[in-house]
Structure formats: structure tokens, C-alpha cells
Amino acid sequence: MKKGFRFASLVSTLLVLSLLITTAASAFTLYGKKLIGGVKDRTYWVDNPTYIFKDSDGTYKAINYGTYIDIAVQNWNNSVNNENKFERTTDVYFTKAKDRASATVIFTVAEYGNTGWDGKTFFFKDGVNVAGQSEAPTKDYDKVTIGINVSLTYKTEDHYKVSLAGHEFGHALGLDHFSGGPPYSLMNKYVSNAPFGPTADDVTGVQKIYSK
Ligand SMILES: [Zn+2]
């Protein structure tokens with residue numbers, strides 16, 4: 001797992017650098033709504049981080065989704081525009097909450113079944129879902145829940161699980177789906193061709209949302 005992470009991280013770095021060199025235009029899409037109170041010094045929580053299943057050989061196996069989610073959030077926390085100076089370009093800074101109730105973003109890892117989605121983000125204001133039938137928030141929101149569907153993802157590669165969690169987290173921050181590419185964004189509707197972590201364009205989108 002560590003080897004895969006380091007390799008994918010390098011690929012992601014190269015992709016970000018190539019984006020900086022080759023593209024000037026922004027392609028991110030915003031919901032136009034945002035997290036009330038901003039993204040600085042916020043917390044997240046993971047329900048049921050360890051998924052245990054019976055494999056085809058009859059043995060029980062455990063997948064720690066919490067690890068992939070932690071990496072995905074850390075990728076957002078570490079979003080930078082200068083790898084050498086490590087200058088942070090966003091105020092995104094999420095740490096693990098001390099309990100579920102105090103968390104701003106709650107991941108729920110569960111067997112949702114054959115839903116057609118691997119991950120889904122829900123937006124709340126004062127406990128009321130503000131997305132209605134559509135996935136996009138219709139108001140600014142104070143809490144987000146993210147469903148991670150283990151039924152459809154437990155056999156995917158490590159980097160895909162990280163991309164998936166990072167993609168849903170991008171929605172939580174206020175990014176809609178990216179349409180365009182190549183180069184592709186973490187916010188592609190279909191994560192299979194998405195990079196490992198947020199691209200420079202994804203970061204610019206979040207900066208724009210929380211710049212004022
Ligand atoms: Zn999405």
C-alpha cells in the first residue's frame with residue numbers, strides 16, 4: 001500500500017506541475033454555495049472506518065477505509081502551488097473530530113448496495129437536507145455527510161479509494177463536477193480517470209469559494 005501511495009503521489013505531483021505549465025484557463029465548476037464558517041480549523045469524522053468481509057477463499061478480511069479517507073483529507077490540507085517552498089494556497093485545514101457530534105464533515109462507510117454510485121455527498125443546514133432531489137446544495141450549509149459505498153468499491157485499488165474520498169470531499173467544500181480535460185480533475189464525475197489528489201485547478205476553485 002505504501003509503495004502504491006508513493007507512486008501515485010509522484011504521478012499526482014507531475015500532473016499538477018504539467019497543469020501549471022500547460023494550462024492557464026480555469027475549468028472548475030462551483031455550486032455557488034459554501035460551508036458556513038469557512039474551511040479553516042474544521043473537523044471530520046469517519047463512521048465504521050473498517051470494513052470486514054468474507055473473501056472468496058472463505059477467510060475474513062478487513063479494509064481500513066479510514067486510512068484512505070485520512071490521506072484524501074490530508075491531500076486537501078496540503079494543497080500547494082509551490083512544491084519547494086510548500087506555500088499553502090488554501091485555508092483548508094481539517095483534523096479528526098473528537099466526536100461525531102462536533103464534526104463538520106462526516107464520512108459513513110457502509111454497504112449501500114448496487115446504487116450506481118461509489119460515493120455521495122449530502123448537505124445540511126440546521127439539520128435539514130438542503131440538496132433536495134438534486135445533489136447540489138441550494139443554500140449555504142453547516143454540515144456535510146459523505147456516503148462511501150463499500151459494496152461497489154471494496155475491490156478497487158488503494159489509489160481509487162483515496163481519489164473517491166477526495167472527490168466527495170471536494171463536493172463538501174463546494175466544488176461541482178468538472179467537465180473538460182484532459183488534463184482531468186479530481187472532480188471528474190467518473191473517478192476512474194481522475195488524479196490521486198486535488199489539481200491546481202481544483203485548488204483554485206476552492207480558493208475562489210472561500211476568498212471572501
Ligand atoms: Zn461527484
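Reader: Which residues does serine 79 touch, not counting those up to four places away in sequence?
Author: This is a predicted model: local features need pLDDT of at least 70, side-chain atom pairs count only at pLDDT 80 or more, and totals for chains, interfaces and linings use all residues. Residues are numbered from 1 along each chain as its sequence is written, and side-chain values use heavy atoms, leaving out hydrogens and water. Touching, or contact, means heavy atoms within 4.5 Å. Leaving out residues up to four places away in sequence, serine 79 touches Glu87, Arg88, Thr89, Thr90 and Val203.

Reader: Is serine 79 buried or exposed?
Author: Serine 79 lies in the loop between α2 and β4 (80-82). Buried means under 20% relative accessible area, exposed over 50%, and partly exposed in between, with a 1.4 Å probe and protein chains only. Serine 79 has 5% relative accessibility, so it counts as buried.

Reader: How far apart in space are proline 198 and serine 79, C-alpha to C-alpha?
Author: Proline 198 sits in the loop between α4 (158-173) and α5 (200-209). Its relative accessible area is 10%, so proline 198 is buried. In sequence, proline 198 and serine 79 are 119 residues apart. In space, their C-alpha to C-alpha distance is 7.1 Å.

Reader: Which residues of α5 are buried?
Author: Helices (H or I, at least four residues) and strands (E, at least two) are DSSP runs, numbered from the N terminus. α5 is mostly covered, with seven of its ten residues buried. These are Ala200, Asp201, Asp202, Val203, Gly205, Val206 and Ile209.

Reader: Is lysine 208 buried or exposed?
Author: Lysine 208 belongs to helix α5. Not counting residues up to four places away in sequence, lysine 208 touches Phe28 and Leu30. Its relative accessibility is 51%, so lysine 208 counts as exposed.

Reader: Which residues have the most contacts inside the largest nonpolar core?
Author: A nonpolar core is a set of buried Ala, Val, Leu, Ile, Met, Phe, Trp, Tyr and Cys residues joined through side-chain atoms within 4.5 Å. The largest one has 43 residues. The residues with the most contacts inside this core are Phe94, Val105, Phe107 and Phe169.

Reader: Which elements each supply at least two residues of this core?
Author: The chain has five helices and ten strands. Those that each supply at least two residues of this core are β1 (42-47), β2 (50-54), α2 (65-77), β7 (105-110), β10 (143-149), α4 and α5.

Reader: Is α2 roughly parallel or oblique to α4?
Author: Axes are lines fitted to C-alpha atoms, for helices over the stretch in contact, and angles run from 0 to 180 degrees between N-to-C directions. α2 and α4 pack at about 55°, with their axes 8 Å apart. Angles under 35 degrees count as roughly parallel, over 145 as roughly antiparallel, 65 to 115 as roughly perpendicular, and the rest as oblique. Therefore α2 is, relative to α4, oblique.

Reader: Is aspartate 41 buried or exposed?
Author: Aspartate 41 lies in the loop between α1 (2-22) and β1. Its phi is near 55°, a positive value in a residue other than glycine. At 60% relative accessibility, aspartate 41 counts as exposed.

Reader: What is the phi of aspartate 126 near?
Author: Aspartate 126 is found in the loop between β8 (119-125) and β9 (128-129). Its relative accessible area is 59%, so aspartate 126 is exposed. The phi of aspartate 126 is positive, in a residue other than glycine, and is near 55°.
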